[in-house]
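Reader: Could you walk me through a few features of this model, and tell me how to read each one as we go?

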Amino acid sequence: MLSSKSLLIRHARIILPNGEAMIGDVLTRDRQIVEVALEISQTELATEIDAQGLTLLPGVIDPQVHFREPGLEHKEDLFTASCACAKGGVTSFLEMPNTRPLTTTQQALDDKLERASQKCLVNYGFFVGATAENLPDLLLAKPTPGIKIFMGSMHGQLLVDGETALEAIFAKGSRLIAVHAEDQARINQRRQEFANIHDVAVHSQIQDNQAALLATQLALKLSKKYQRRLHILHLSTAEEAELLRQDKPSWVTAEVTPQHLLLNTNAYAQIGTLAQMNPPLRSPHDNQVLWQALRDGVIDFIATDHAPHTLEEKAQEYPNTPSGMPGVETSLALMLTAAMEGKCTVPQVVNWMSKAVAVAYGIPNKGAIAPGYDADLVLVDLNTYRPVRREELLTKCGWSPFEGWNLTGWAVTTIVGGEIVYDQGQVNTQVRGQALNFV
């Protein structure tokens, strides 16, 4: 597999920053895009890719993943996860703090950054996790895209569910706060109501729409009180979407996962505990409302919440099964397939999976195909459909909730910093991404 300081992509259907498409060429040099034109005459030595029939997109920035390193590497690690990213067209990721040890200090953040520099094939950033006691770390740790608060669905130090403790975090500093918005008190109450039920479908009743709405209302209240930059992770309910439609300050953003758009509570009967995640899958009505909110800009972008567990762990009896599912390999193909079905457009997918993420997190020079932007790119095939096959997955957990789904828009070639990291089914494990900057 070739890589070069200079790369020339010819005859691609290029999705431009304004959303229009053109057939043309893109030249990259030293990690950056240097020219986009109908035709580029190139005399210097460059690796050439003939992209006839393929569509060129900015690389996906996945702003919420759980890659399990350090401490839980039997589920996933930074190397296997970044290989899966490359295969899925994901060129940058933002990773969450619930590893072992927790990412709650500068020391733990530095450890992750060092590990990633050695192992990650794509670009990376790491959240710092809030506890009730680590406010100085939350104010000073860097580089980080922001502070992650688990308002619910968590135990131990990372659970911050009291309004007094939450307000102390919102009141100081200006750094972005990203919340997992579920109300722990309601979850605890519902767990008692549904105790001794082992049907995993009850998960969506225990952690119900009301639990999500209560927490989002509280986060929004505190954000408005302090005009604090707030991001709502994996929005999952119609009620939350309607709340934001009526009351969404300019400094608030929200994301949705492909699974909350495309799967619902019917999935429990089909794939059992593989459908279990937090916040849970919702009703078909929630699917519809979330889609509309995304198209209308009430929801700003897409994240996978890639959270792998082994099949052995998932095979336990509910409620002993862990919540979470992998997603980085399938997210782009799922959304492009939705575009082909008329649910959205390809330029909208580009905005939701690249540009809007870069804007929200202040990641410079990412998310667009234009001179001066980083050469993080993905060539996709929108003419061929192929099913999700378990044996082809690169995530260490080795399964997908979308197994068997027939998708188009699979990555053919993924490029990170002007180097080919994935091509025609082969991963170039010599490529290394870089730490992301946040401005």
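Reader: Which residue in E7 is the bridge partner of Val60?

Author: Val60 is bridged to Val90 in E7. This is a predicted model, where local features need pLDDT of at least 70, side-chain atom pairs count only at pLDDT 80 or more, and totals for chains, interfaces and linings use all residues. Residues are numbered from 1 along each chain as its sequence is written, and side-chain values use heavy atoms, with hydrogens and water left out.

Reader: How many bridges join E6 to E7, and do they run parallel or antiparallel?

Author: Two strands pair if DSSP finds at least two bridges between them; strands (E, at least two residues) and helices (H or I, at least four) are DSSP runs, numbered from the N terminus. Here 4 bridges join E6 to E7 (residues 90-95), and the two strands run parallel. The chain passes from E6 through H1 to E7 in a right-handed β-α-β crossover. Right-handed means that, with the strands pointing away from the viewer, the path from the first strand over the helix to the second runs clockwise.

Reader: How many residues of E6 are buried?

Author: Buried means under 20% relative accessible area, exposed over 50%, and partly exposed in between (1.4 Å probe, protein chains only). In E6, 6 of its 6 residues are buried.

Reader: Where does His66 lie, and is His66 buried or exposed?

Author: His66 sits in the loop between strand E6 (60-65) and helix H1 (78-88). His66 counts as buried because its relative accessibility is 6%.

Reader: What does the side chain of His66 make a polar contact with?

Author: A polar contact is a pair of N or O atoms within 3.5 Å; within protein, one must be able to donate a hydrogen and the other to accept it, and residues adjacent in sequence count only if both atoms are side-chain atoms. For the side chain of His66, the partner is the side chain of Asn98, at 2.8 Å. Contact in general means heavy atoms within 4.5 Å. Leaving aside neighbours within four places in sequence, His66 is in contact with several residues, including Lys148, Phe150 and Asp305.

Reader: How many disulfides are there?

Author: A disulfide is a covalent bond between the sulfur atoms of two cysteines. The rule used is a pair of cysteine sulfur atoms within 2.5 Å, and the count comes to 0 disulfides. Cys85 is in no disulfide: the nearest cysteine sulfur, that of Cys120, is 7.9 Å away. With 0% relative accessibility, Cys85 counts as buried.
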